[in-house]
Amino acid sequence: MGHLFNPKLVTVLKQGYSKHQLSKDIFAGIIVGIVALPLAIAFAVASGVSPEKGLITAVIAGLLISVLGGSRVQIGGPTGAFIVIVYGIVQTHGLDGLIISTMMAGVLLILFGLMRLGSLLKFIPHPLVVGFTSGIAVVIFTTQIKDALGLEIANLPADFIYKWGSYLSEIGSFNPFAIGITLVTILITLFFRKITNKIPGSFVAILFITAMVQLLDLPVTTIESVFGEIPHSIQLAFPTIQFDQLGNYLAPALTIALLGGIESLLSAVVADGMIGGNHRSNTELIAQGIANVITPIFGGIPATGAIARTATNVKNGGRTPISGIVHAITLLLIMLFVGQWAKLIPMSCLAGILIVVAYNMSEWRSFASILKGSGFDILILLVTFLLTVLVDLTYAIQIGMVLSALLFMKRMADAGTKTELEVDSDVLENYGSLPAGLAIYEISGPFFFASAKQYCSTLKNIGQKSEVLIIRMRHVPFIDATGLHNLKDVITDLHHIRTKVILSGVRAEVLQELEKNNIVDLLEPGMILSGFDLALQKANLFLTSKQISN
């Protein structure tokens with residue numbers, strides 16, 4: 001159990017913790033707490049629950065994830081990805097159903113960690129992740145149209161198509177003040193960063209817009225007019241559990257667990273790249289599970305690692321879990337002493353913030369990039385996207401995973417019929433006489449979603465210790481969108497540390513995919529060579545010229 005659950009906080013404290021880093025962590029934590037405030041409220045409201053539930057989640061789950069997690073800088077709390085799921089569960093099963101589903105999801109996440117599934121969740125195909133993330137973004141945008149335009153719709157349909165039909169039929173009831181507030185909020189949120197990165201634009205937008213609405217007494221709906229008073233305290237909320245009904249919550253619980261696990265580990269991987277660290281995936285899953293078991297008892301909603309807030313933490317100097325703890329304490333103090341003013345926030349202001357969140361979540365560049373790739377990846381992307389938007393995220397993930405597996409088997413069968421049989425040989429390449437500064441790594445087999453992460457992790461480790469890295473790809477029959485995405489990240493990272501990357505033996509069909517996805521443009525001219533001998537000559541030429549120049 002010790003090697004499976006080993007929180008980073010314990011490691012940091014054992015290694016020694018300086019006053020200088022403490023001051024940087026406190027500053028970063030306060031900034032992230034301010035960033036999290038409008039998002040926590042907006043995510044809760046969009047999910048169909050009262051605003052304080054978002055704050056409670058950010059406080060309780062944020063604290064637990066930082067204290068118990070496997071990442072140095074992960075910031076936990078409510079995220080936009082859960083809006084669609086939470087809203088659906090509340091509509092179908094009520095608040096008690098949401099609490100039970102979230103706690104069951106927490107138990108599943110703990111089991112995932114104990115079963116060492118942390119590494120497996122990182123192997124979800126890239127088109128699948130982009131498909132459901134983009135789908136969620138479209139759904140979030142759609143749910144905000146009513147408040148963004150100030151439409152007077154008493155009962156908004158849950159179905160995507162009927163929802164837009166309702167908007168069009170009631171478009172005459174728009175409120176020009178609400179539209180103005182939405183537009184100003186979007187502009188402030190997007191462009192305030194040009195003035196300073198220290199204070200988030202969404203926070204400034206809420207302060208400015210709320211003050212203007214009160215001073216000018218503008219006729220727009222607010223949190224108070226929709227939800228009433230916001231409690232300033234955290235109270236226990238135990239659900240009524242009917243054990244014969246627990247089976248009804250298994251599907252939503254599994255969706256929460258899978259999405260929470262995927263998002264938290266993606267966030268941890270992004271954070272690793274920013275600080276040059278390595279998170280403990282199984283510890284992170286167990287911490288996320290514990291947070292989702294405990295937080296609902298205090299009235300919270302599902303929580304996971306938040307990529308944007310984690311990145312904000314790193315950019316402001318946070319390097320240990322202490323910054324995440326300070327972020328939770330900052331939110332708690334705001335909730336206890338300033339929370340009563342949150343009821344005055346206009347709903348159209350929150351809609352503007354969430355529209356920006358939806359845009360940032362949309363991953364439209366990745367979406368467009370995958371559409372240029374193979375038909376297999378395009379099919380996975382579009383099926384997952386359309387199922388997320390038109391049907392349900394649960395089905396999208398399940399069908400997307402099955403489709404990915406089936407298409408991979410089809411692709412392997414096709415590769416086997418098209419590829420000439422290699423001569424089986426036990427003759428090993430002699431890499432013993434390589435010049436200093438040169439490293440070679442050979443990829444054998446398909447560069448696809450199940451192997452891409454491991455290949456690229458190894459490539460990055462080898463490349464960081466070398467001046468030139470030759471990647472041999474003669475035995476790669478195809479590369480999928482996940483492989484392309486990860487290879488692009490590796491080449492970019494190695495380019496930043498001035499490691500030359502040379503590709504050798506790239507097959508025509510693989511080269512075509514590299515060209516379509518602009519990976520060829522990341523390499524210097526002449527760095528993709530047909531044979532290994534040519535690659536060696538190119539590497540030797542570079543290393544010799546560098547020695548002469550020194």
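A residue counts as exposed when its relative accessible area is over 50%, as buried when that area is under 20%, and as partly exposed in between. Asp 217 reaches 65% relative accessibility, so Asp 217 is exposed. The model is a predicted one.

Start with the whole chain. The protein chain has 23 helices and six strands. How does its radius of gyration compare with that of a compact globule? For 550 residues, a compact globule would have a radius near 24 Å; the protein chain has 25 Å, so the two agree. Along the principal axes, the C-alpha atoms fill a box of roughly 75 × 55 × 50 Å.

Next, burial and contacts. Of the 550 residues in the protein chain, 54% are buried. Take the contacts between residues at least 6 apart in sequence: 84% of these join residues at least 24 apart. The accessible surface of the protein chain is about 24700 Å². Carbon and sulfur atoms account for 64% of that surface. Charge comes next. The protein chain carries 35 positive and 34 negative side chains. The centres of these two sets are 9 Å apart.

Now to the backbone. Most residues other than glycine have a negative phi. Asp 217 is not a glycine, yet its phi is positive, at about 55°. Where does Asp 217 lie? Asp 217 sits in the loop between α10, residues 201-216, and α11, residues 223-227.

Move on to the helices. His 126 is found in α6, which covers residues 126-143. The relative accessibility of His 126 is 11%, so this residue counts as buried. Which side chain makes a polar contact with that of His 126? The partner is His 485, at 3.5 Å. Other residues surround this pair. Setting aside neighbours within four places in sequence, His 126 is in contact with Ser 366, Ile 370, Ala 481, Thr 482 and His 485.

Ala 396 lies in helix α19, residues 393-418. Its relative accessibility is 0%, so Ala 396 counts as buried. Which residues touch Ala 396, apart from neighbours within four places in sequence? They are Leu 128, Thr 384, Leu 387 and Thr 388. Ala 396 and Ser 101 are 295 residues apart along the chain, and 18 Å separates their C-alpha atoms.

Finish with Leu 190. This residue is part of helix α9, residues 176-191. How far apart are the C-alpha atoms of Leu 190 and Ile 41? The separation is 19 Å, for two residues 149 apart along the chain.

Notes:
Residues are numbered from 1 along each chain as its sequence is written. This is a predicted model: local features need pLDDT of at least 70, side-chain atom pairs count only at pLDDT 80 or more; totals for chains, interfaces and linings use all residues. Side-chain values use heavy atoms; hydrogens and water are left out. Helices (H or I, at least four residues) and strands (E, at least two) are DSSP runs, numbered from the N terminus. The radius of gyration is taken over C-alpha atoms; the globule rule is 2.2 Å times the number of residues to the power 0.38. Buried means under 20% relative accessible area, exposed over 50%, partly exposed in between (1.4 Å probe, protein chains only). Contact means heavy atoms within 4.5 Å. Accessible areas come from the Shrake-Rupley method with a 1.4 Å probe; for residues, only the protein chains shown count as cover. Lys and Arg count as positive and Asp and Glu as negative; His and the chain ends are not counted. The place of a charge is taken as NZ of Lys, CZ of Arg, CG of Asp or CD of Glu. A polar contact is a pair of N or O atoms within 3.5 Å; within protein, one must be able to donate a hydrogen and the other to accept it, and residues adjacent in sequence count only if both atoms are side-chain atoms.
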